Amino acid sequence: MRRTLINLTILIAALALFLGCATLFPARVPLPTALPGAIPSPQFTPTVAAATGTAPTPSRSPASPPLPSATATPILPAVRCPLPTEVCIGPTDVHLHPPSPAGDGVAQVFSGDQVTFEIRAHCPLSTPQCQLPAVAVYLGAVPHEPAIARGQFGAADLGGQSEALIPWAWNTTGLSGTQTLTVVLDPDAPTSCLKQFQQGRGDTALSLMAQGFAQRPDCTQVLVDVRPADQRPADEIGAHWAQTETDCCILYYVTGTASERDLARLTELANASMAQIEQKLDEHPKQKFVITFTGRVLGQGGYADGEAVLSYLDRDYAGGILKQVFMHEGTHVLDHNFAPARLAMLGEGLAVYTAGGHFRPEPLPQRAAALLALGRMIPLRQLADNFYQSQHEIGYLEAAAFTQYLIDTYGLADFKSFYGSFKPDDPRPQSQQLDAALRSSFGVGLDEMEQRWLASLKALGPQPDQERDLRDTIAFYDTVRRYQQDLDRTAYFLDAWLPDFGEARKRGVVADALRHPTTPENIALEAMLIAADTHFDAREYDAGERLL
């Protein structure tokens with residue numbers, strides 16, 4: 001019965017994909033088969049998935065051509081960024097949240113949305129480290145004060161890109177139709193493009209744009225399609241935040257969603273998972289664990305910063321078992337009891353170790369031994385300094401297996417003391433901090449400790465079953481992330497905006513917890529990813545590989 005349902009899902013998915021591409025979108029510009037710098041599609045032999053390399057720095061899909069404006073207002077053409085000598089910005093550097101359900105690169109919101117701006121800018125090629133200016137967003141083709149949003153560029157995100165994030169800045173209540181947003185870098189500078197706009201009036205300003213003023217690198221424009229409020233996705237209409245409380249936790253969810261439907265199951269799972277975390281870490285929470293459920297995929301299915309956010313929806317294409325995600329994110333909250341500051345590699349390693357696996361239960365030493373046999377092991381110094389930029393599954397597996405080795409060798413109490421010994425303001429590379437902490441806590445430096453750990457893995461002997469499963473796991477998640485980069489960009493973990501849902505609840509915002517692309521292509525590809533993951537869980541590798 002299960003296989004029949006999977007095959008039916010794939011058939012429906014393929015039909016939707018065919019109809020979506022061939023009928024609904026005949027004039028759409030097709031995506032290139034290989035994007036420059038993007039994660040390559042996994043290639044397979046008839047039976048075994050080839051190992052894929054460490055994911056390179058992601059690139060973005062080309063933006064769709066802009067929609068024609070409802071008026072004759074000229075729109076700034078794309079700026080070729082980065083320019084050799086100037087800080088610059090282009091229209092594809094301006095992203096709006098919540099994401100468009102159309103999923104086609106066109107900025108689309110619904111009247112009443114509270115819009116967040118995620119804005120990037122580019123430094124000159126000759127100065128890799130430059131001070132990016134402030135940024136402002138104006139409503140209208142010819143900008144005038146006051147700006148609807150102002151922000152500063154902050155520290156680099158996980159992908160290494162600095163951005164200005166201005167949350168819930170634009171209230172679109174009362175607006176409809178095509179709106180023009182003008183984005184200006186360093187708007188208060190005497191030479192900014194804003195000042196030149198303001199020097200012209202009416203037709204004069206538009207004439208300046210038509211004559212090439214639009215080519216200036218410090219400003220750009222985007223069109224936003226503001227749809228009527230009654231056209232918003234059905235699951236948002238009448239939806240609001242609700243909560244329930246258990247022995248361990250406070251759970252927040254949006255009404256009318258899968259989370260509300262399955263609330264009894266989720267509360268039971270929360271209590272069991274948190275009890276297991278407490279037992280494994282020999283640690284007890286100081287207050288109740290706060291969990292927010294979203295009806296869209298964010299990153300790998302969850303994140304935590306003071307409270308945990310977990311994706312829970314029927315079409316969850318990111319794979320994984322919910323209990324593992326519960327325990328992973330719960331560890332990130334509970335470990336604050338004994339580690340106010342922690343290294344990325346150790347933090348994620350402890351979370352995977354505590355959960356008993358990354359996306360499902362895994363024998364971590366045997367799996368790391370298979371990784372070593374495949375020649376995919378990342379040196380620990382390199383991994384510590386570039387953890388989130390490394391191939392995700394490899395990095396998390398290594399970190400967890402190394403964590404288990406330290407705990408098995410030295411005991412949980414000594415490991416927790418070591419884990420909590422890092423300082424938040426230490427300027428040294430994380431590999432140097434790790435080396436120093438290992439010497440202080442265990443009398444062994446990083447390089448020697450790594451060699452001891454690798455010797456223990458080699459002593460486990462061949463792990464052929466783990467090797468094939470590991471190859472397919474890496475290939476599956478590389479495929480998931482390529483899909484996210486191309487067709488569900490706001491879910492991609494290296495540059496996703498991860499909202500503060502405590503603030504969202506105060507504002508009554510539900511769209512950022514629910515909205516995601518729902519085109520026939522998205523539905524079809526997500527159904528195929530879900531089916532592939534189901535096959536891999538059942539160790540039906542040939543079928544899963546064919547779907548990838």
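User: Which residues form one aromatic cluster?

Analyst: This is a predicted model. The cluster is made of Phe-338, Tyr-410, Phe-415, Phe-418, Tyr-419, Phe-422 and Phe-442.

User: How many aromatic pairs does a search of the whole structure find?

Analyst: The search finds 19 aromatic pairs. Take Phe-476 and Phe-536 as a worked case. Their ring centres are 6.3 Å apart and their planes stand at 80 degrees, so this pair is edge-to-face. Phe-476 sits in helix H14 (residues 464-487) and Phe-536 in helix H17 (residues 520-537).

User: Are Phe-476 and Phe-536 buried or exposed?

Analyst: Compare the relative accessibility with the cut-off: buried means under 20%. Phe-476 has 1%, so it counts as buried. Phe-536 has 4%, so it is buried too.

User: How do I read a sheet? What is the order of the five strands?

Analyst: Start with the general idea. Strands of a sheet pair through backbone hydrogen bonds, either parallel or antiparallel. Here the order is S9-S10-S11-S13-S12, in an open sheet with mixed pairing. The edge strands are S9 (241-245) and S12 (302-305), each pairing on one side only. From one strand to the next, the twist averages 20 degrees.

User: In which sense do S12 and S13 pair?

Analyst: S12 and strand S13 (residues 307-311) pair in the antiparallel sense, over four bridges.

User: Which strands does helix H5 touch?

Analyst: Helix H5 (residues 263-281) touches S9, strand S10 (249-254) and strand S11 (289-294) as it packs on the sheet. The direction of H5 makes about 145 degrees with that of S10. Helix H6 (residues 322-334) also packs on the sheet, touching S11, S12 and S13. The direction of H6 makes about 160 degrees with that of S13.

User: Now a single helix. Which residues are buried in H12?

Analyst: First, the general idea. An α-helix has 3.6 residues a turn, so residues three or four places apart point the same way. In H12 (residues 430-442), the buried residues are Ser-431, Gln-433, Leu-434, Asp-435, Ala-437, Leu-438 and Phe-442. Their cover includes helices H7, H9, H10, H11 and H13. After H12 comes Gly-443, with a positive phi near 75 degrees.

User: How many residues are in the largest nonpolar core?

Analyst: The core has 69 residues. Among those with the most contacts inside it are Leu-434 and Leu-438. H10 gives the largest share, ten residues. Another core, of 23 residues, lies apart from it and includes Val-109 and Ile-166.

User: What about the backbone? Where is there a cis peptide bond?

Analyst: The general rule comes first. Most residues other than glycine have a negative phi, and most peptide bonds are trans. A cis bond joins His-97 and Pro-98, with omega about 5 degrees. Pro-98 is in the loop between strands S1 and S2. Another cis bond joins Glu-145 and Pro-146, with omega about 0 degrees.

User: What is the phi of Asp-186?

Analyst: Phi is about 50 degrees, a positive value although Asp-186 is not a glycine. Asp-186 lies in the loop between strand S7 and helix H2. At 36% relative accessible area, Asp-186 is partly exposed.

How values were computed
Residues are numbered from 1 along each chain as its sequence is written. This is a predicted model: local features need pLDDT of at least 70, side-chain atom pairs count only at pLDDT 80 or more; totals for chains, interfaces and linings use all residues. Side-chain values use heavy atoms; hydrogens and water are left out. Two strands pair if DSSP finds at least two bridges between them. Helices (H or I, at least four residues) and strands (E, at least two) are DSSP runs, numbered from the N terminus. Axes are lines fitted to C-alpha atoms, for helices over the stretch in contact, and angles run from 0 to 180 degrees between N-to-C directions. Contact means heavy atoms within 4.5 Å. The expected span of a helix is 1.5 Å times one less than its number of residues. Buried means under 20% relative accessible area, exposed over 50%, partly exposed in between (1.4 Å probe, protein chains only). A nonpolar core is a set of buried Ala, Val, Leu, Ile, Met, Phe, Trp, Tyr and Cys residues joined through side-chain atoms within 4.5 Å. Rings of Phe, Tyr and Trp (its six-membered ring) pair if their centres lie within 6.5 Å; planes under 30 degrees apart count as stacked, over 60 as edge-to-face and the rest as tilted.
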